[in-house]
Amino acid sequence: MATAPRFWRENPSRYNMVGFKCNSCGRYNFPPRTICPVCRRKSVGRIEPVKLKGTGKIFSLTETHEGMDTQNVQKPYVVAMVELDEGAMVTGQVIDCDASELRIGTKVRIALRKLSEEGTAGVIHYGYKFTLVRDGPDGPGDE
Amino acid sequence: MRRVGIIGIGITEFGELWDSSFRKIGISAGLAAVEDANISAEHIDALYVGNMSAGRFIRQEHVGALIADYSGLAKGHIPATRVEAAGASGGLALRQGFLAVASGMNDIVVVGGAEKMTDVSDVESSLIQSSAADQEWETELGVTFAGLHSLIATRHMHEYGTTREQLADVAVKNHRHGSLNPKAQFRREISRDVVLKSPMVSSPLRMFDCAPSSDGAAAVVLCPFEMAGKHAEMPIEIVGSGQASDSLALHHRRDICTMDATRLAAKRAFKMAGLRQKDVSVAEVHDNFTISEILAIEDLGFFSKGEGGKATEDGRTALEGDVAVNSSGGLKARGDPIGATGVAQAVEIVTQLRGKADERQVKDASVGLTQNVGGTGATVVVHLFRREM
Amino acid sequence: MIEGEVSPVGEVGIVSYGAYVPHFRITPDEIGKVWGVDGKAMGKGLMITSKSVPSPDEDTVTIAVEAARNMMSRSAVDPKEIGALYVGSESHPYAVKPTGTIVAEAIEAAPNLTVADFEFACKAGTAAIQTCMGLVGSGMVRYAVAVGADTSQGAPGDALEYSASAGGAAFLIGKEKVIASIDTTYSYTTDTPDFWRREGQLYPRHGGRFTGEPAYFKHVLNGGKGLLEKTETKPTDFAYAVFHQPNGKFPTRVAKQLGFKEEQVRAGMLVSQIGNTYSGAVPLGLAAILDEANPGDRIFAVAYGSGAGSDAFDITVTDEMSRYPKDRAPTLRQLMANPKYLDYATYAKFKGKIVRGRD
């Protein structure tokens, strides 16, 4: 089943967190939309694609033990809803850490990882996951 | 608008129905409802079928026509429509049937809901269920359907101090109710400890916090309320119907601890019915996960925000409580064949309002409510039902 | 035997750099336990205390992207000014379909640039640097990116399993605001079958002790001597030296033979902690040196690739380094901090060495 184009067309957002700013209300949102969900018609022509910084704080989290087949080798893995610095909310996996290192408010940033692959012969899909912002060799940067 | 009554109900057993195909279970429920209404095929003006994903579960689309055909309705060439809104497909099919009768377009309408989930692997089944969420921006990023509800639970516990034990109490209560329902998938009581020690699915939710995968179907027969007396000893009126939508992805909601779509669908249904929360004695809510029932009883207005867990712990949602929630056992114990669920909820409420719920009968039940959710709350359908005094 | 050299190309150098090392580690002791080998002794012989292990969702693409992003976050260069990008690796995820296009998109350098993947065992990254030098030096492009990255494979139970690891570094090559000028480069290349992987094979094969004297030592020594002769320098002229490090033993010995002292080599020796990162090895060692080097410091670097060849570089840190915002991306020391150690079973699962049933 060829799903390459379905993934490919979202690459700017999957690789680089391209969202948008509504120049009617000033809000940032992700992923791109045709109109702002708040301003609706007023936002027509005032939607500006924006690359979000990809840094934010954990808003909610869960450690998934029974997961997708694609994540099977990583079980258990952490998934978080992240409030980005610009205010947009996104959901993604949090990598390279134990769930015990994370709580609501923990600072994270995006990293590019494999999201899934279509078997061993098919296309590999890459996209954002989140990783702990470690302030240095000493450990996680909590607020 | 005309008043609408329910004159017949039918439901299959819910569970792993290895011997039964999709079409077989769909037809069994429909035939039972038609028999209960004491009508025959030529009386039926239209058919609505709630179904989420036959295309992926059994590789069959076009199931409106399929059910009409195998019910013997093809010869009458009646309009047959499949309705899809993920988990809310059944409730939404009921609403479409309700509108068809209320508008005067049709007199006798059969509303069915069916899903055959066990013909695919567990992995495939959970992938299909997660397509109710935002495939591109939630599922593909690795979050499961249970995971999304876990994000809600984590946040609800954080904001309101809802406890892990209170979540377990939802499952304990619904299993107790399910033990009294001969059609339920799980007919045995469980203890809090069983829930708390069951395998972790996605923290904090464990196996016993999650509704099972099920096969099953349910159906109701609707007709104008003034004609209902001709067909049924005790017709039940649909007095309110409300539907609301919200963002597809959970992370785009105003508040992930509140299903705004539930609040608004309920508000619209209560307004149409001219009823208030305290009038409701029995409610079937969408407990696909234990946290979902906590949100439901808060957002429907039975308890204030943040107090759903405590209310459950205090037994206020048990059969003998302030409002009996999920007397059927709910999605958790009765089972959750996705497209059938919303219709099965109506079947339970009609059974209760008829006073035919036997051991699980809620005393003096005269007004009932159903709340049926699609995805993590992107579609919610609420109906209110009343027995003639 | 082909003996070749690449001429110096003027004022070309490193404008920015970035590195990446995976979070996970495994020790030789843990590997040895599974295969009935004294892993501690093996580790001691190889001078490796642990090696990096990529997460199952990491590959050469993700490592190259993280390194390249770290490189870009330290630079004010507009990614659209990058005219060429080359990724050197022996573990490109696709046999056909470039790693570089994904890296180019991920740093927003696409579409107006030329991209290709390089392969020359462990020196594909430095070959990419030389190519970038040529393109920038000739004026064909203003900036070019060279990445060396690998998630190398060692067959279960093979000696390589104790060292083959993952990591990578990226270099922005240009003529403006150069933090380290690459003054001379010299290569030494022969046809020597010391290590190879055939198309479709999961794991490489190697010639055992044949990988030593006639391969690694011959090429690194000739590459190093060639550069010293060409630049008319002696080892004491350099503050730092970095050599390809398939283990700790080889570069230590080769440094000594060329006349370099332990303190010149220390900063760029990462192998004892992260193992052999293949195409990432000299690039990462160079990045670690740049993390601490001061203006005026001269760096001697010799990469080695099986098959076989060496690329030697004479690099001088410029005054621009004092204005370079190094802290906008993690240093090697920070990247290597807080690792998580895996047991062999988890390591085998992560590396796909356990055959799983599928639907």
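Me: What should I know before we start?
Reply: This is a predicted model, where local features need pLDDT of at least 70 and side-chain atom pairs count only at pLDDT 80 or more, while totals for chains, interfaces and linings use all residues. Residues are numbered from 1 along each chain as its sequence is written, chains are lettered from A and ligands numbered from 1 in the order in which they are written, and side-chain values use heavy atoms, with hydrogens and water left out.

Me: OK, how many helices and strands are there in chain A?
Reply: Chain A has 2 helices and 8 strands. Helices here are DSSP runs of H or I with at least four residues, strands are runs of E with at least two, and both are numbered from the N terminus. Along the sequence the pattern reads α-α-β-β-β-β-β-β-β-β. The C-alpha atoms of chain A fill a box of roughly 45 × 45 × 25 Å along the principal axes.

Me: And what share of chain A is buried?
Reply: Of its 143 residues, 52% are buried. Buried means under 20% relative accessible area, exposed means over 50%, and partly exposed is in between, using a 1.4 Å probe and protein chains only.

Me: Where are the cis peptide bonds in chain A?
Reply: One joins A:Phe30 and A:Pro31, with omega about -5 degrees. Another joins A:Lys75 and A:Pro76, with omega about -10 degrees. A:Pro31 sits in the loop between strand 2 (28-29) and strand 3 (47-51) of chain A, and A:Pro76 is in the loop between strand 4 (55-64) and strand 5 (77-84).

Me: Is A:Pro31 buried or exposed?
Reply: A:Pro31 counts as buried because its relative accessibility is 7%. Its C-alpha atom is 7.7 Å from that of A:Met17, which is 14 residues away along the chain.

Me: Switching topic: how many cavities of 30 Å³ or more does a search find?
Reply: The search of the whole structure finds 1, and the volume of the largest cavity is about 40 Å³. On a 1 Å grid over the protein atoms alone, a cavity is a set of points where a 1.4 Å probe fits but cannot get out, and lining residues have an atom within 4 Å of a point. Grid points are joined across faces, edges and corners, and the volume is the space filled by probe spheres set on the points.

Me: Which helix gives the most to the lining?
Reply: Helix 10 of chain C does, with 3 residues. The lining residues include C:Gln245, C:Ile274 and C:Leu284.

Me: What about the surface, which residues form a nonpolar patch?
Reply: C:Val34, C:Trp35 and C:Val37 do, with about 240 Å² of accessible area together. Such a patch joins nonpolar side chains (Val, Leu, Ile, Met, Phe, Trp, Tyr) within 5 Å, from residues with over 30% relative accessible area and no salt bridge. A salt bridge is a side-chain nitrogen of Lys or Arg within 4 Å of a carboxyl oxygen of Asp or Glu. The areas come from the Shrake-Rupley method with a 1.4 Å probe, and for residues only the protein chains shown count as cover. C:Trp35 is in helix 1 (residues 28-35) of chain C.

Me: Last one: what is phi of B:Asn38?
Reply: Phi of B:Asn38 is near 60 degrees, a positive value in a residue other than glycine. B:Asn38 counts as exposed because its relative accessibility is 63%.

Note on methods
1 Å grid on protein atoms, 1.4 Å probe; cavity = no way out; pocket = protein on both sides within 12 Å on 5 of 7 lines; lining within 4 Å. Patch = residues over 30% accessible without salt bridge, like charges linked within 9 Å, V, L, I, M, F, W, Y side chains within 5 Å.
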